[in-house]
Amino acid sequence: VTSDANAAIDAIWRIESPKLIARLVRMMHDVGLAEELAQDALVIALEKWPESGVPDNPGAWLMATAKNRAIDRLRRDARLDQKYEQVANELAAAQANAWPTVGMADDEIGDDLLRLIFIACHPVLSTEARVALTLRLLGGLTTDEIARAFLVPESTVAQRIVRAKRTLAEANVPFEVPTGDELTARLSSVLEVIYLVFNEGYSATAGDDWMRPALCDDALRLGRVLAELTPREPEVHGLVALMEIQASRARARTDPSGAPVLLLDQDRSRWDHVLIRRGLEALQRAEALGGALEPYALQAAIAACHARARNPEDTDWGRIAAL
Amino acid sequence: MLFMLPNIETGGGDFTPTAEAVAEMTKYNQELEKSGVLLEAEGLHSQEEGARVTHERGKVTVIDGPFTEAKEAIGGYWMIQAKSKEEAIEWAKRVPSVQGDPFTIEVRPVFDMEEFPPDVQAAAQPS
């Protein structure tokens with residue numbers, strides 16, 4: 001029973017933790033502290049839920065528990081510094097008034113989530129650190145899972161994450177969505193991280209730990225989440241289109257012995273047509289927003305020419321050449 | 001991992017939902033979409049509009065709906081991409097209870113070719 005309960009809690013964690021951490025970063029202005037508080041709430045859930053059962057609104061429960069931990073901690077720190085006292089009192093008052101109704105609009109949660117994505121992919125961090133932090137904070141993966149997926153020791157990933165949090169704190173990186181020219185640059189850093197995760201999963205071979213190919217799903221999920229949060233950004237849809245169409249071929253690109261099958265030799269009935277449809281729709285959105293010539297959308301457009309052709313000889317080579 | 005979540009409804013007959021039910025369900029579907037797990041979601045017409053094609057040792061029988069003996073019918077389905085069966089169950093638990101009659105969401109993992117033995121995989125190759 002306990003392992004079943006733990007698996008259920010694990011699943012809830014994967015769904016709720018990004019929103020939880022995002023909200024806590026807004027409150028505490030510190031990624032490391034926010035994640036610690038979220039982890040504290042998870043530990044308490046792991047103690048209580050197997051006995052009491054999972055609460056009706058597990059997300060709200062985790063948030064309330066993490067906030068209480070935050071108040072305790074701020075009160076403790078208040079003995080050292082008076083400014084914390086006021087923050088703790090404000091939080092406690094808000095907690096008393098607004099709980100257990102979640103009391104925040106969906107787009108408010110979305111804003112926090114988007115800010116967290118931009119922080120995790122901040123250019124002040126190395127690419128490896130961005131990848132680890134993004135999977136940890138937004139993908140809900142454990143350090144062990146990230147380590148297995150990237151074929152590195154767990155201590156390496158743990159260190160990357162600790163250092164990344166310290167770097168963010170030292171650089172005093174603000175919790176905000178960048179605007180103007182900065183938005184373009186920062187968004188391209190986010191897209192780079194997501195596509196890197198996708199490609200790492202796509203390059204997995206038979207016999208690899210299943211965490212590796214699962215990176216494709218993690219990247220797709222992050223991309224779809226981002227597309228919902230930034231619906232006006234053409235390149236986000238371009239990247240989602242590219243990943244959906246590439247992922248649609250996953251089942252057809254190796255033969256039973258694990259040897260690769262070239263695109264034109266693949267059994268197209270084994271392509272995932274739901275993913276193709278989603279990819280084509282995302283590409284349409286990218287193009288409608290004027291992003292047809294951006295790098296990801298362009299690659300997606302080429303992939304789409306293959307995806308649309310029922311047989312290799314139907315491929316619109318003219319269009320591919322034109323692209 | 002891919003999962004199909006068919007919604008098995010009781011009460012038979014008319015599945016035409018109320019505006020409130022549709023609003024609730026739309027909110028739920030948006031939540032799935034925002035979480036990056038939704039691949040597709042479809043609602044089905046009642047069995048009255050459909051038919052049953054039964055295969056019995058090579059004998060094929062076609063019966064038009066409705067089916068008076070039927071107590072349960074699939075009213076719709078979701079295709080989702082989740083990390084684990086437990087996650088798919090968690091999403092199934094969150095489906096809003098908008099219908100009067102009880103309903104069951106089944107959580108069914110989609111087969112992956114790699115789960116089959118090599119000879120079955122080889123049989124799935126085009127000739």
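Author: A salt bridge is a side-chain nitrogen of Lys or Arg within 4 Å of a carboxyl oxygen of Asp or Glu. The model is predicted, and the salt bridges below are computed from it by that rule. Over all chains, the count comes to 28 salt bridges. One of the pairs is formed by the side chains of A:Arg23 and A:Asp112, with 2.8 Å from N to O. This pair joins distant parts of the chain, since A:Arg23 lies in helix α1 of chain A and A:Asp112 in helix α5 (residues 106–120) of chain A, 89 residues apart.

Now to the interface. Between chain A and chain B about 2,500 Å² is buried, and 49% of it is on carbon and sulfur atoms. Chain A brings 28 residues to the contact and chain B brings 26 residues. On the side of chain A, the residues that lose the most area to chain B are A:Ile15, A:Arg221 and A:Pro256, which together make up 21% of what that side buries.

Charged pairs also cross this boundary. Six salt bridges are counted between chain A and chain B. Among them is the one in which the side chain of B:Lys83 meets that of A:Asp218, at 2.7 Å from N to O. That distance falls within the 4 Å limit, so the pair counts as a salt bridge. For polar contacts, 13 residue pairs are found across the interface of chain A and chain B, with both residues at pLDDT 80 or more.

Which elements of chain A give two or more residues to the side that touches chain B? They are α1 (2–28), α10 (211–229) and α12 (273–288) of chain A. The largest share, nine residues, comes from α10(A). By class, the side of chain A that touches chain B has 14 nonpolar, no polar and 14 charged residues.

For context, here is a contact inside chain A. Helix α9 (residues 180–202) and helix α11 (residues 234–248) of chain A pack at an angle of about 5 degrees, and their axes are 10 Å apart. α9(A) and α11(A) are therefore roughly parallel to each other. From α9(A), the contact is made by A:Leu187, A:Leu191, A:Ile194, A:Tyr195, A:Phe198 and A:Tyr202. The residues of α11(A) in this contact include A:Leu239, A:Leu242 and A:Met243. By class, the contact of α9(A) with α11(A) has eleven nonpolar, one polar and one charged residues.

Conventions
Residues are numbered from 1 along each chain as its sequence is written. Chains are lettered from A and ligands numbered from 1 in the order in which they are written. This is a predicted model: local features need pLDDT of at least 70, side-chain atom pairs count only at pLDDT 80 or more; totals for chains, interfaces and linings use all residues. Side-chain values use heavy atoms; hydrogens and water are left out. Axes are lines fitted to C-alpha atoms, for helices over the stretch in contact, and angles run from 0 to 180 degrees between N-to-C directions. Helices (H or I, at least four residues) and strands (E, at least two) are DSSP runs, numbered from the N terminus. Angles under 35 degrees count as roughly parallel, over 145 as roughly antiparallel, 65 to 115 as roughly perpendicular and the rest as oblique. Contact means heavy atoms within 4.5 Å. Ala, Val, Leu, Ile, Met, Phe, Trp, Tyr, Cys and Pro count as nonpolar, Asp, Glu, Lys and Arg as charged, and the others, Gly among them, as polar. Buried area is the accessible area (1.4 Å probe) that two parts lose on being put together, summed over both. A polar contact is a pair of N or O atoms within 3.5 Å; within protein, one must be able to donate a hydrogen and the other to accept it, and residues adjacent in sequence count only if both atoms are side-chain atoms.
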